[in-house]
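Me: I would like to go through this model feature by feature. Please give the general idea each time, then the case at hand.

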Amino acid sequence: ESSKSSSTANSSSWTSFLKSIANFNGDLSSLTAPPFILSPVSLTEYSQYWAEHPDLLLSINNAVNKNTFEPSFPSVVEYTPDLVKMLHVVRWFISTLKSQYCSRNESMGTEKKPLNPFLGELFVGKWEHEQNGSVTADLGDTVCLSEQVSHHPPITAYSIFNEKTNVSLEGYNQIKSTFSSASLSVKQYGHALLRCKNKEQQEQKDDTFLITLPSLHIEGLLLAAPFVELDSKSYIQSSSGYFAIIEYSGRGYFSGKKNSFKCKIYKSYESYIYDKEGKPSSSASQEASGSSSEKQNNKEDKKPLFVISGQWSGISNIYTSSSDEKKRKNGQVFYDASRVAAEHLHVKPIEKQNPWESRRAWEKVANAIKSGDYNLIHQEKSQLEEEQRMLRLSEQEKNTTWKTRWFDNSSINSVQNEDFVSLAKMCNLSVKNVPSGTRVGDKYDTHASASTDGSNGDEVVKHWRFVKENWANETEITL
Ligand code: HCR
């Protein structure tokens, strides 16, 4: 394997690819890569990675009914329904990482350059949950809808929902990359919003969770064996107040192992700031979370309720204190990614797909990639690009613009963004179009060109949101 990768690493096509990365302008689609590093899969398909462990996603709402979490720590922590929900959210989120960031290495040997989706490209599928006797409730289907809502810059929006359990996830994703010291750094823009409807108590508000996306970098480029390492953090803010921070590290930081993380779950964002800074946070964020000074005095409240650490692609353990976590004492297994296979969603055979559906549209390019035929790849790609060019031209002639299918770019002040704004406020996150996880007052936030009120002639901030009615009225695309 290593001799194979070093021979490709020495090939002239790889060397010239590396040179082009070193000089590139941030637009990955403009890079001409050798066929062996191309993936026959489009980025619109990556949305499915959010739910390749659908049981964990669906358990979030089921958990509340049972109000249990395994493992439990008797009498150390009070398992309120909201805390149980938060623990399930964190476990499901950790379970998504292996699919998101390792699956190409597992299925194709290395990270690969995905197909750059065209405007309007669609990817749909579903997980069909079999009813398993009387033990498992009928979970119906979990649906995944993914749409390329912008080409320049490339943005993919998605919605994943299960009507039986009332759990849904929506979000969107854009990347910006730079090259430095032999590695490619990628910042993610966008976020995910998880919504759990409370079926039993209709009058109760939905539980919502804001999830931010980590930045990452690609290593192994010199050896032609690229792989992803996650950097920075993810935040999960729950509408019930609970706040989780997940810090990523590669080989040699927390545990010396690749794909490591440490997650701390706090009663609130305020507690996190207090724990981090040893004092109450600034008045701005206190106001945001509505916490009283009385609460601030209870130091115990400020410690993490749980600390989870380990590998997101392997075993992680959960502890009830930072000191136990440091000593690796009294922990219990939280999640073991190596023991549960990803459940791939069911996608219609290509012949039954609509021409806008990803696998049908890219079929010829994908086959050319699989056969490693550089000229054919180029020829088939050019045809697709030409069709897109013609479409844009005809829009120009008719003085129209492309209309997205299931998602809307909603203004920050619209009702569609209410949950996002209120969750972001709870944890002092910028609501602007900035790298995911940017705090209010950080350089990206203060330098962002769009504003929340359109002042100074700036554009108003917008975020991509799922429009349920559009899917309900869909007549051409089937699951
Ligand atoms: C950076 C990346 C494209 C974007 C991929 C994203 C960020 C897309 C959204 C998903 O939810 C999460 C996700 C996972 C992927 O790991 C990430 C890709 C990893 C590599 C790919 C580059 C564009 C590939 C560059 C080409 C290499 C060979 C130099």
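Reply: Start with the elements: helices (H or I, at least four residues) and strands (E, at least two) are DSSP runs, numbered from the N terminus. This is a predicted model, where local features need pLDDT of at least 70 and side-chain atom pairs count only at pLDDT 80 or more, while totals for chains, interfaces and linings use all residues. Residues are numbered from 1 along each chain as its sequence is written, and side-chain values use heavy atoms, leaving out hydrogens and water.

Me: Where is Thr-438 placed?

Reply: Thr-438 sits in the loop between helix 12 (418–426) and helix 13 (443–446).

Me: Is Thr-438 buried or exposed?

Reply: Buried means under 20% relative accessible area, exposed over 50%, and partly exposed in between (1.4 Å probe, protein chains only). Thr-438 counts as buried because its relative accessibility is 6%.

Me: Which backbone oxygen does the side chain of Thr-438 reach?

Reply: A polar contact is a pair of N or O atoms within 3.5 Å; within protein, one must be able to donate a hydrogen and the other to accept it, and residues adjacent in sequence count only if both atoms are side-chain atoms. The side chain of Thr-438 reaches the backbone oxygen of Pro-435 at 2.6 Å.

Me: What about Thr-142, buried or exposed?

Reply: Thr-142 belongs to strand 4 (residues 141–150) and, at 0% relative accessibility, is classed as buried. Its side chain makes a polar contact of 2.7 Å with that of His-129.

Me: How many residues does the largest nonpolar core have?

Reply: A nonpolar core is a set of buried Ala, Val, Leu, Ile, Met, Phe, Trp, Tyr and Cys residues joined through side-chain atoms within 4.5 Å. Here the largest has 77 residues, and Trp-50, Trp-92 and Phe-93 are among those with the most contacts inside it. Helix 4 (residues 81–108) is the main contributor to this core, giving twelve residues. A second, separate core has 19 residues, including Leu-193 and Ile-412.

Me: Which residues come nearest to the ligand?

Reply: A residue is near a molecule if one of its heavy atoms lies within 4 Å of it. Of the 19 residues around the ligand, the nearest are Leu-28, Gln-100, Tyr-101, Arg-104 and Gln-188. A side-chain N or O atom of Gln-100 is 2.7 Å from a ligand oxygen, and a polar side-chain atom of Arg-104 also lies 2.7 Å from an oxygen atom of the ligand.

Me: Which element gives the most to the shell around the ligand?

Reply: Helix 4 does, with three residues.
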